[in-house]
Amino acid sequence: ASKRLGNTAQNVVLRSDEQNASSSEEERARQRALVREEASQRRREKFADYLASLPRVEPTSQSTASSLLVGEMGELTFTNLTKRSPVERYGDFIVVDVETTGLNAGNCKIIEVAAIKFMGFVPVQVFETFVNPKVAIPAGATKVNHITDDMVADAPTIEYVIPALIEFSRGFNLIAHNFPFDAKFLFKSGFDFREWNPKLFDTLSLARTKEKDGPANYKLDTLCEWFAIFRPVSHRSASDCLATGLLFNALFEQTTGANVPTGVEHFIDRAG
């Protein structure tokens, strides 16, 4: 009996030690997660601060654009990235993004448009504006992009925005994430990029090609997490533009081996 009691006591001590070790490991894991989240938050704040610091251009024009039929746009042909893609020719580009009242370009409206100009893979100017769609924004759209009727009430209508966007973009290659979506809305509104025949890059298609066994999906949020691009908000046009530009840079670097900036820290370091 004494021997059994001794064994029982020993087992109790062992279990207690195991529980203490488990609790200690859980606490260390919690601390590590906290440190990672704090670091991520600092990088999200740095992203927001850097985006806010970029020069803005006037997003409206005295002239107006005429709407076009989406069917006139034709089939989009996207440029792929290869090991031989030239740094000197691919580093200057415009990233575009729109937020809309819905998914169908045929009957939905643009409520925000942004574009960021990159020179040598570095962002240099931001084009950004709300757009008054002249219709109520559905609750479903607001739930995604958090844009309300009040926010667009005093904004320009799209026909005054598109001529300024064309002037901002003319002569540059164009990039978007899920390019056909943005292109249909913009083209319908009069953004006829065929005027300067730019190379078109779709980071969604590029990521699917370059990261076949990587992320769970190819949404911009997922790819930002995959490539450690930290941003405070999504589904807002300027934020999506900067994130898409960084994603393109990361895919370009990965494909070609070229040393290009892939995070706002690189831009800040260069400016410093």
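This is a predicted model: local features need pLDDT of at least 70, side-chain atom pairs count only at pLDDT 80 or more; totals for chains, interfaces and linings use all residues.
The protein holds 10 helices and 5 strands. Its C-alpha trace extends over about 95 × 45 × 40 Å along the principal axes. The radius of gyration is 24 Å, whereas a compact globule of 272 residues would have a value near 19 Å. Buried residues make up 46% of the 272. Contacts between residues at least 6 apart in sequence were also examined; 71% of them join residues at least 24 apart.

Charged side chains number 31 positive and 35 negative. The centres of the two sets are separated by 7 Å.

Aromatic pairs were searched for across the whole structure, and 15 were found. Phe179 and Phe193 have ring centres 6.4 Å apart and planes at 85°. The angle is over 60 degrees, so the pair counts as edge-to-face. Phe179 belongs to helix α6, residues 179-188. Phe193 sits in the loop between α6 and β5, the latter covering residues 200-202. The pair therefore ties together parts that are 14 residues apart in sequence. Both partners fall under the 20% limit for burial. Phe179 has a relative accessible area of 3%, and Phe193 has 5%.

One aromatic cluster is formed by Tyr90, Phe93, Phe118, Phe121, Phe201, Phe248 and Phe252.

Conventions:
Residues are numbered from 1 along each chain as its sequence is written. Side-chain values use heavy atoms; hydrogens and water are left out. Helices (H or I, at least four residues) and strands (E, at least two) are DSSP runs, numbered from the N terminus. The radius of gyration is taken over C-alpha atoms; the globule rule is 2.2 Å times the number of residues to the power 0.38. Buried means under 20% relative accessible area, exposed over 50%, partly exposed in between (1.4 Å probe, protein chains only). Contact means heavy atoms within 4.5 Å. Lys and Arg count as positive and Asp and Glu as negative; His and the chain ends are not counted. The place of a charge is taken as NZ of Lys, CZ of Arg, CG of Asp or CD of Glu. Rings of Phe, Tyr and Trp (its six-membered ring) pair if their centres lie within 6.5 Å; planes under 30 degrees apart count as stacked, over 60 as edge-to-face and the rest as tilted.
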